[in-house]
Each structure stands twice: as structure tokens, then as C-alpha cells.
Amino acid sequence: MIGLIAVVLLTSCNNDESTMLTIINEDGTCSREISFHPYPQGVMAKADEPIEDHCLVFGTDWERTWSVVGEDSLRRPVPMTQEQWDSLQRVYPKQSVASKILLHCKRDYQSVSEMSDSLTHVIDKQFDAKSTLEKHFKWFYTDYVFEETFSILDSKHYFPIPIENYLSADTASYWYTGQPDLTKGLSGAEQKEMLDGIETKVSQWLNANAFAYVYDYIGQVYYKELKNPPVSQERFQTLRDTLVKLPAVQNMSLEDMGKQISDILKDYYHSDVYSDLSLFHDNEKLEWVMNQKYRGYKLLTTMMGFQYELVMPGKILDSGIGISEGNIVRYKFTAERMIPHDYVITATSRVTNVWAFVVTFFVIAIAVGSFFYRKKNK
């Protein structure tokens with residue numbers, strides 16, 4: 001189970017068909033539509049009923065529709081009927097119906113801050129979202145700067161051992177977000193060598209966190225049950241950061257990690273007292289312990305598989321770390337991007353003020369006309 005947790009920490013759901021479309025209007029109002037593959041109970045719920053689907057919670061203030069993949073322009077009202085579900089199952093007999101439909105949840109807002117606050121509640125406060133919108137009036141045009149910041153609310157809970165102990169800030173950021181680009185000027189072979197080295201360090205960091213949590217759990221929950229432990233409870237707890245640096249911890253494999261932790265404690269303390277704990281002889285108990293620790297993070301990886309799409313007023317001038325395609329800017333939006341630091345989406349657009357050109361033209365025309373009129377009357 002610990003090995004599976006490590007895999008979860010290395011990867012997250014990412015489906016290009018699941019999107020979060022954010023539209024910013026010139027007057028500062030905005031809207032957001034979240035589209036994803038739903039469970040039957042989510043798409044079949046009535047429109048006046050709140051739903052919880054894929055750990056996402058939508059109240060009745062969200063407008064819900066559904067569509068068949070590939071038919072984005074045709075939106076059908078909820079609830080989807082059992083007959084419609086069965087009909088699609090007959091069309092795709094060997095595939096999941098859920099993978100062939102999308103549930104669209106849309107809501108309008110008066111401000112971007114209201115929009116971000118709403119998202120924080122949709123994801124049940126598993127992470128925090130904050131956004132700002134600035135308007136810079138420059139007569140002939142107006143620039144709009146939108147920024148939305150996402151952060152894990154309690155990253156130290158999930159990762160008590162800082163990643164900075166294993167990687168530089170830039171390297172950790174590159175591994176999880178792609179920024180800054182550390183591969184410039186490197187050959188393919190050199191890039192592979194660099195990435196292999198980073199992956200090794202990331203694995204060591206994840207091993208250290210898994211070990212630290214089991215170690216802390218022993219010290220906090222089981223220590224009073226131990227008979228003649230080699231060190232006091234206080235001493236045991238202070239030695240944690242020493243043990244996580246051991247090569248045996250850093251080089252743990254994904255298979256049977258519980259036994260490996262047990263053996264590490266036995267070798268370091270020269271005692272069997274920790275190995276005899278039921279925690280290391282009951283897979284279900286160890287699984288439950290790890291689930292309690294990483295439940296929130298697993299929920300985060302489940303709900304964070306969207307492609308973030310942003311539509312700004314006017315022409316895009318700067319899309320930040322996104323990629324502009326026409327009037328849409330697309331960003332990768334996954335849980336691991338918030339591990340090294342806050343994940344920030346930002347874009348700048350420009351709206352041409354046609355009225356300013358008209359006013360300027362008339363002002364110039366009046367000025368020129370007045371000049372010739374005065375000259376003629378002289």
C-alpha cells in the first residue's frame with residue numbers, strides 16, 4: 001500500500017476531455033464551466049438536487065447539462081435517463097458509458113474572487129484558489145491582467161520532509177511544473193541523464209516521507225505499548241530526521257515497503273521490539289494508516305485532472321505558462337504542480353477602445369476645422 005501511495009504521489013489523473021473553462025468578461029464578470037466524465041448517480045440527479053461526483057461538490061446554483069463526447073455543441077438537460085444510459089451502452093457495448101459522456105457544470109459570477117472562492121468549496125477545500133483581475137485603461141486600449149493562484153492548504157501534513165532537502169527549488173519546480181526550463185542547450189542524452197538523476201532524488205524524497213509518517217505513527221500511537229524499547233519515546237521521535245537520511249530508507253523499493261521499514265528499525269536500534277508491532281504484520285492496518293494520512297492528497301489527485309482553458313477579453317498579449325490557441329489559452333492543471341510551490345495561472349489581454357479612436361478623430365477634426373475657419377475669417 002505504501003508503494004501504491006508513492007505511485008499516487010508521482011502521478012495524477014489527467015484527461016484532455018475533462019476541462020475547466022474560465023471566461024473573463026470586459027465588465028469584470030466571469031463564468032466557469034467544469035466538464036468531466038460522471039458517475040451514473042451524478043448525471044442522473046435532478047437539476048434541483050446538489051451532487052457529489054469524483055469528489056467534486058456542486059450545489060443547485062450550478063447549471064448542469066450533459067453531452068456525448070465528440071458532440072460538444074449539443075448539450076442535453078439533466079437528469080440523464082436510464083433509457084438514455086442503456087441506449088449508449090448498446091452503442092458502445094464493450095466500453096464504459098461514463099467514458100463516452102461529459103457532465104458540464106456551469107456558473108456565472110460577479111467577480112473573479114467570487115469565482116475562486118466557489119471553486120475552493122467545489123473541491124471540498126482540498127486546495128485553495130484565489131484570483132485577481134486588473135484593468136489598465138490606456139485611452140486607445142485597455143489591458144486586462146488575470147491571475148489565479150492554487151495552493152495545497154497543508155502541504156506539510158502530506159510532506160513533513162521538505163523536498164528542498166533533496167532538490168533545489170528550480171529543479172523541483174521543473175520536475176513538477178516544467179518551469180523554469182532546465183533542458184535548454186542539452187542534447188537528448190544529456191536531458192535523459194539529468195531527468196534520471198532528478199527522478200532518483202524524487203523517489204528518495206517520497207520514500208523519506210512515507211518512512212517519516214510510519215515512524216511518527218509508531219512514536220505517537222504505539223510507543224506506550226512497547227516493552228523495554230531501546231530508547232525513550234522522546235529520543236525515538238527526535239531521531240526521525242536522522243533515520244530518513246539512511247541509504248536503506250532512500251533506496252526502499254515499492255514492493256513490501258512495510259517489511260523494509262521494520263528491518264531498518266531493527267538494524268538501527270539493534271532490537272526486535274519494533275518489528276514485533278502488529279502494524280508490520282497486518283497489511284490491512286498498515287493500509288488504513290496510510291489511507292488516513294494521504295486520503296486528502298488522493299482526493300486531490302482524483303479531482304485535479306482538468307485541462308484549464310481561459311478566455312480573456314480582446315487579444316491575448318501574454319499567456320504566461322499556457323499555450324494560446326486562437327482566443328483560448330490552455331494550461332496543464334494537475335495536483336503535483338502544487339507540490340513545489342503555489343501554481344499560478346496568469347494571462348494578459350488587450351481590448352481596443354474603438355470609441356477612443358472615434359472621439360480622437362472628432363476632436364482632431366474639430367480642431368483642424370476650427371483652425372481653417374478662423375484663418376478664413378481673417
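Guide: Gladly! One definition to start: axes are lines fitted to C-alpha atoms, for helices over the stretch in contact, and angles run from 0 to 180 degrees between N-to-C directions. Please also keep in mind that this is a predicted model.

Visitor: How many helices and strands does the chain have?
Guide: Let's begin with the whole chain. Of its 378 residues, 46% count as buried. Among contacts between residues at least 6 apart in sequence, 67% join residues at least 24 apart. As for the elements, the chain has 13 helices and 14 strands.

Visitor: At what angle do α6 and α7 pack?
Guide: Helix α6 covers residues 169-177 and helix α7 covers residues 188-222, and their axes are 11 Å apart. Angles of 65 to 115 degrees count as roughly perpendicular, and α6 and α7 are therefore roughly perpendicular to each other. The packing angle is about 95°.

Visitor: Which residues of α7 make the contact with α6?
Guide: From α6, the contact takes in Thr 171, Tyr 174, Trp 175 and Tyr 176. By class, the contact has eight nonpolar, one polar and one charged residues. On the α7 side, the residues are Met 194, Leu 195, Ile 198, Glu 199, Val 202 and Trp 205.

Visitor: Which residue just after α6 takes a positive phi?
Guide: Let's follow α6 to its end. Its buried residues are Thr 171, Ala 172, Ser 173, Tyr 174, Tyr 176 and Thr 177, and the buried residues of α6 pack against α7. Just after the helix comes a residue with a positive phi of about 85°, and that residue is Gly 178.

Visitor: How many residues of β2 are buried?
Guide: Take strand β2, residues 30-36, one face at a time. On one side Cys 30, Arg 32, Ile 34 and Phe 36 are buried, and on the other Ser 31, Glu 33 and Ser 35 are buried.

Visitor: What is the bridge partner of Leu 21 in β2?
Guide: Strand β1 (residues 19-24) pairs with β2 in the antiparallel sense over six bridges. These strands form a hairpin with five residues between them, and Gly 28 in the turn has a positive phi of about 95°. Within β2, the bridge partner of Leu 21 is Glu 33.

Visitor: Which residue of β7 is the bridge partner of Phe 36?
Guide: β2 is also joined to strand β7 (residues 101-109), by seven bridges, and the two run antiparallel. In β7, the bridge partner of Phe 36 is Leu 103.

Visitor: Which strands stand at the edges of the eight-stranded sheet?
Guide: This open sheet has mixed pairing and the order β6-β5-β7-β2-β1-β10-β13-β12. Two of its strands each have a single partner strand, so one side of each is left without a neighbour in the sheet. Those edge strands are β6 (76-77) and β12.

Visitor: At what angle does α4 run to β8?
Guide: Helix α4 (residues 112-122) lies across β1, β2 and β7, running at about 25° to β2. α4 also lies across β8 and β9 (141-152). Its angle to β8 is about 170°.

Visitor: Which residue of β14 is the bridge partner of Ile 316?
Guide: Four strands form an open, antiparallel sheet in the order β8-β9-β14-β11. β8 (127-137) and β11 stand at the edges, each with a single partner strand, so one side of each lacks a neighbour in the sheet. Three bridges join β11 to strand β14 (residues 343-352), and the two run antiparallel. In β14, the bridge partner of Ile 316 is Ser 349.

Visitor: Is Ser 319 buried or exposed?
Guide: Ser 319 has its place in the loop between β11 (315-318) and β12 (323-325). Leaving aside neighbours within four places in sequence, Ser 319 is in contact with Ser 324, Val 329, Tyr 331, Thr 346 and Ala 347. The cut-off for burial is under 20% relative accessible area. With a relative accessible area of 12%, Ser 319 is buried.

Definitions and conventions. Residues numbered from 1 in each chain as written. Predicted model: local features only at pLDDT ≥ 70, side-chain atom pairs only at ≥ 80, totals over all residues. Heavy atoms only, no water. Parallel < 35°, antiparallel > 145°, perpendicular 65-115°, else oblique. Contact = heavy atoms within 4.5 Å. Nonpolar A, V, L, I, M, F, W, Y, C, P; charged D, E, K, R; others polar. Buried < 20%, exposed > 50% of the residue type's maximum accessible area, 1.4 Å probe, protein only. Pairing = 2+ DSSP bridges.
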